[in-house]
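Look over the sequence and the 3D structure below. This report starts at the ligand, moves to a pocket and ends with the strands.

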Amino acid sequence: MSNLYNDDVPESFELYNRATRVVPGGVNSPVRAFRSVGGTPRFMVRGTGCHLYDADGNRYIDLVNSWGPLLLGHAHPAVTAAIADAAPLGTSFGTPTPDEVALAEEIVARTPVESVRLVNSGTEATMSAVRLARGATGRDLVVKFAGCYHGHVDGLLASAGSGVATLGLPDSPGVTKGTTADTIVVPYNDIAAVREVFSRHGDTIACVITEAAAGNMGVIAGRDQFNASLYEECRKHGALLILDEVMTGFRVGRGGVADAADLYTYGKVMGGGLPAAAFGGRADLMEQLAPAGPVYQAGTLSGNPLACAAGLATLRQCTDEVYQQIDNTSRQLQQMASEALGEAGVPHRVSTAGNMFSVFFTDADVYDFETASGQNTAAYAAFFNEMLRRGVYLPPSAFEAWFVCTALDDEAMTHIHDALPYAAAAAAKVEA
Ligand SMILES: *Cc1c(COP(=O)(O)O)cnc(C)c1O
């Protein structure tokens, strides 16, 4: 049995020291650092099912699941078998392959997109979708929402949610004024503000990009048919709507949120834990991409055979029953967390979008980035650290979604249930 109560983490600490000498901040993506919760990031060496194992021999029940991709949990046998079968046949060809056609067909069958191009990351997907929208409309301006994250695309790094919010950076240095001058940031769920922007700049707006349901300022669903209203406004003014489903796609249901839009972006679950992402939409728009059309977009490793094999194996497992199971598990977890916090007298709001959810440590209604930012992040840090000590790995930031996987069994749920009151008590001790 692993030592769940080991606080001095010698191996992770040593690895972190080595990492900080050769890697900026010791991590390859900022949200992995424990900056907002304190302490040393755990260096993981193994994952099976719903469990992660760190270099110190501790076992955790994983409620991050690689930030969403692992809907089936770690090392699902169908996924690892697909990768193992594909690897000896060659890891990259730089040519078309049968599996990338099959993956594109699977995406088209599950989502509103008619045509889809594969890329390697969600960042690439949104960057390319925006370029296509600008190319297709011949316009420059992009409207995005405060707290929505679309990867680290220069023009979309304005008011970009969790990673940036966690570090307290309003915007990133290195993004030019010229770039952000073409980006208009509007509060999420504020359709009146969107209409105001369109009334002033309507004929120069190329596209509106929104997360299909916000997940990167914590989970906040669209209110009052927000996506539908955006689509309507875009149509009125000849702009395109890009629905960013990198987080929601193939996670909140067979396709994703799948509200009407012109272009969609995917990532995370569709790669089954390997780097794969996509953007797609109406065929007439997608036909404007090279080589069919003039808008350039390319990728050496796009449609990589191992990533396609892992993605296909994952999506083929993702049946309606799987989504029912995920929904049930998520609901149970929400109830357990809310009950424990309620009993300890900790102000909180559980905010959901399908089976994605966040626990905001606040009394107030949360519907946009400003209201999300009103939460007690110090209380979350105490909560997080107590759960970690008790073998439950939560997102190391209050502005993130909790992700469940199919491998969360009764034993794991009982373990979480038993840990929650201690974490709630720790959070209760923190002043607002
Ligand atoms: C994760 C995410 C991205 C970026 O994807 P990467 O693969 O990390 O580049 C873009 N949009 C949304 C909504 C995301 O959640």
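Which residues are around the ligand? They are Ser121, Gly122, Thr123, Tyr149, His150, Gly151, Glu211, Asn216, Asp244, Val246, Met247 and Lys268. A residue counts as near a molecule if one of its heavy atoms lies within 4 Å of it.

This is a predicted model, in which local features need pLDDT of at least 70, side-chain atom pairs count only at pLDDT 80 or more, and totals for chains, interfaces and linings use all residues. Residues are numbered from 1 along each chain as its sequence is written, and side-chain values use heavy atoms, with hydrogens and water left out.

**The ligand**

By class, the shell has three nonpolar, six polar and three charged residues. Here Ala, Val, Leu, Ile, Met, Phe, Trp, Tyr, Cys and Pro are nonpolar, Asp, Glu, Lys and Arg are charged, and the others, Gly among them, are polar.

| Residue | Atom of the residue | Ligand atom | Distance |
|---|---|---|---|
| Tyr149 | backbone N or O | nitrogen | 3.3 Å |
| Asn216 | polar side-chain atom | oxygen | 3.1 Å |
| Lys268 | polar side-chain atom | oxygen | 2.6 Å |

On its own, the ligand has 380 Å² of accessible area, and the protein covers 82% of that. The areas come from the Shrake-Rupley method with a 1.4 Å probe.

**A pocket**

The second largest pocket has a volume of about 440 Å³. A pocket is an open set of points on a 1 Å grid over the protein atoms alone, where a 1.4 Å probe fits, with protein on both sides within 12 Å along at least five of seven lines; lining residues have an atom within 4 Å of a point. The volume is the space filled by probe spheres set on the points, which are joined across faces, edges and corners.

This pocket is lined by 24 residues, and the closest to its centre are Glu100, Arg117, Leu118, Ser302 and Gly303. Two or more lining residues come from each of α3 (98-110) and β4 (115-119). Helices (H or I, at least four residues) and strands (E, at least two) are DSSP runs, numbered from the N terminus. The lining divides into twelve nonpolar, ten polar and two charged residues.

**The strands**

Strands β11 (residues 349-353) and β12 (residues 356-360) run antiparallel, joined by five bridges. Two strands pair if DSSP finds at least two bridges between them. Ser351 stands opposite Ser358 in β12. The two strands form a hairpin with two residues between them, and Gly354 in the turn has a positive phi of about 60 degrees.

Notes
A polar contact is a pair of N or O atoms within 3.5 Å; within protein, one must be able to donate a hydrogen and the other to accept it, and residues adjacent in sequence count only if both atoms are side-chain atoms.
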